[in-house]
Amino acid sequence: MDTFVLSQLVSLIIITGASIYLYIQRKALGRKIVCALYLLILGGIVCVGIENYPKYWIRYHLTMNIKEQFVTEQEIEPEAYLKDFHEICDIVESKYALAAQKGISLKALREKYSAMVNQAKDNSGYFIALQRYFAELKNAHTSLIYNSYYALAKAEWRCDSLYVTGNLTKLPFKSGDRIISIDGTDALSWRDSMKNYVIASIEKARNIHTANYVFSSHIDTVRTLRLSRNDSVFQVKVSLSRDGKQQILNHNKSIRKAEKKEIQETAEKKKKEYLAVLTLSGFTEEETEEFIFKYKKVKDYPYLILDLRNNPGGLVRNMSKIAALLIKRPYQDEEMIEPSEESFKGKLYVMIGPYTFSAAEHLASILKESESAILVGEETGDDFGTTPLKFRTSQGTYFSIGYGAPQKTFKGEPREGKGIEPHFRITENADITNGINILKTTFGQLMNDVIESKKDMIESKKDSLKG
């Protein structure tokens, strides 16, 4: 239970106890005194309510339950699209403080997209207009909330070419195949068009994240891909599934369990190890507990690699717990983060990239500014300065807004519109995936550090022998 909830619970108990006591003692105290005291309690409740309303409001919109729905399943008639859109605009215009910092005219956007919404004939057309509106808000926490169709495959951009980087379907394409076209449009033209629908703060992230939509969509259920492998060119129709997201989550969970089992078996064998690679895929309660379990098995190793490359963020309180295990010195965040008694004493390397987002970026920033880790990879996703609050229109459209004024890190770096720069940035290579490239660069840097450390030890021994 957090401090805010606990304080409200204690206040409620005190008020209830005082009210009961006054009722019991009403005859002894007299009607006028009892009435005056009740009015005093009521006034106190009103004052506390007014003071705490913003906290209640934020908590409500932070924890709002979302109805799981696909675009075509939303119960909204075409004649209600414009009313719904204006309701969204009213909320955005009153709550989206980043618009001024980004130089966005919300009034102009309302006028521009009202015309597009007026032309929508069905939910898909309305969604396309809304998605473009939200993309122009340039904040990855400010977006529509709908279910997507997925295929169990991945793609990424490398040197302006689009490649398959993973495939768990039974279709005849594989990692390393280059994607020539998507649904009849060549890859680069498709990227230029698709980036108008991508939710991101900066242009670079918008381009990179178009790759997410090769094997996912909010409205399409089939993708037609033209691919090349060596000298051959072939075409594949890829079905996007309603339950694809859950299949991906199950797959990622199995990977985490395998990593946990491997670390557990190593610890049980009491093998002397020097290096561990730990994946942190999010900050849910389950993911945080799993990470802390794995960390405690390897916390005494001299070297540790933390993989944040595909971490989309999550609960900040859990991020702070993990930060306390990894920082070398106290760090002033919204609250002071102190190193834990079990904090890592060895050398920490953190792998980051454009899919390191939100609370994961926040963690990378803390580790970098506290000089607790060496960051390797690519610039992160560029958005960890706002709180994602959820809203619902009267027509049942759910969306989130990056709420709050622009923030900066302890050292004055912006948390919005600029990603975390690694100490060692990879160079794009069309022949290998970005993930493997980051891994190779990390191990290369680690080995250089080990060699330098050994050289220092040898020189120290030589000096002591001379003495």
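**Close-up views of a predicted model**

**View 1. Thr-433 and its contacts.** Thr-433 touches Glu-156, Arg-158 and Thr-165, leaving aside residues up to four places away in sequence. The model shown here is predicted. Thr-433 sits in the loop that runs between strand S18 (424-425) and helix H14 (434-466). Its relative accessible area is 15%, so Thr-433 counts as buried, the cut-off being under 20%.

**View 2. The buried residues of helix H12.** Helix H12 spans residues 316-326. Its buried residues are Asn-318, Met-319, Ile-322, Ala-323, Ala-324, Leu-325 and Leu-326. Their cover includes two helices, H11 (285-298) and H13 (359-369). Strands S11 (303-307), S13 (336-337) and S14 (347-352) are also part of that cover.

**View 3. Helix H11 against helix H12.** The axes of H11 and H12 come within 10 Å and cross at roughly 10°. H11 is therefore roughly parallel to H12. From H11, the contact uses Glu-285, Thr-288, Phe-291, Ile-292 and Tyr-295. From H12, Arg-317, Asn-318, Ile-322, Leu-325 and Leu-326 take part. By type, the contact residues are six nonpolar, two polar and two charged.

**View 4. The second largest pocket.** This pocket has a volume of about 280 Å³. Its lining holds 16 residues. Nearest the centre lie Met-194, Ser-217, Ile-219, Asp-220 and Arg-223. Helix H7 (123-135), helix H8 (187-194) and strand S7 (216-217) each supply at least two lining residues. H7 gives the most, with three. The lining divides into eight nonpolar, five polar and three charged residues.

Note on methods. Residues are numbered from 1 along each chain as its sequence is written. This is a predicted model: local features need pLDDT of at least 70, side-chain atom pairs count only at pLDDT 80 or more; totals for chains, interfaces and linings use all residues. Side-chain values use heavy atoms; hydrogens and water are left out. Helices (H or I, at least four residues) and strands (E, at least two) are DSSP runs, numbered from the N terminus. Buried means under 20% relative accessible area, exposed over 50%, partly exposed in between (1.4 Å probe, protein chains only). Contact means heavy atoms within 4.5 Å. Axes are lines fitted to C-alpha atoms, for helices over the stretch in contact, and angles run from 0 to 180 degrees between N-to-C directions. Angles under 35 degrees count as roughly parallel, over 145 as roughly antiparallel, 65 to 115 as roughly perpendicular and the rest as oblique. Ala, Val, Leu, Ile, Met, Phe, Trp, Tyr, Cys and Pro count as nonpolar, Asp, Glu, Lys and Arg as charged, and the others, Gly among them, as polar. On a 1 Å grid over the protein atoms alone, a cavity is a set of points where a 1.4 Å probe fits but cannot get out, and a pocket is an open set with protein on both sides within 12 Å along at least five of seven lines; lining residues have an atom within 4 Å of a point. Grid points are joined across faces, edges and corners, and a volume is the space filled by probe spheres set on the points.
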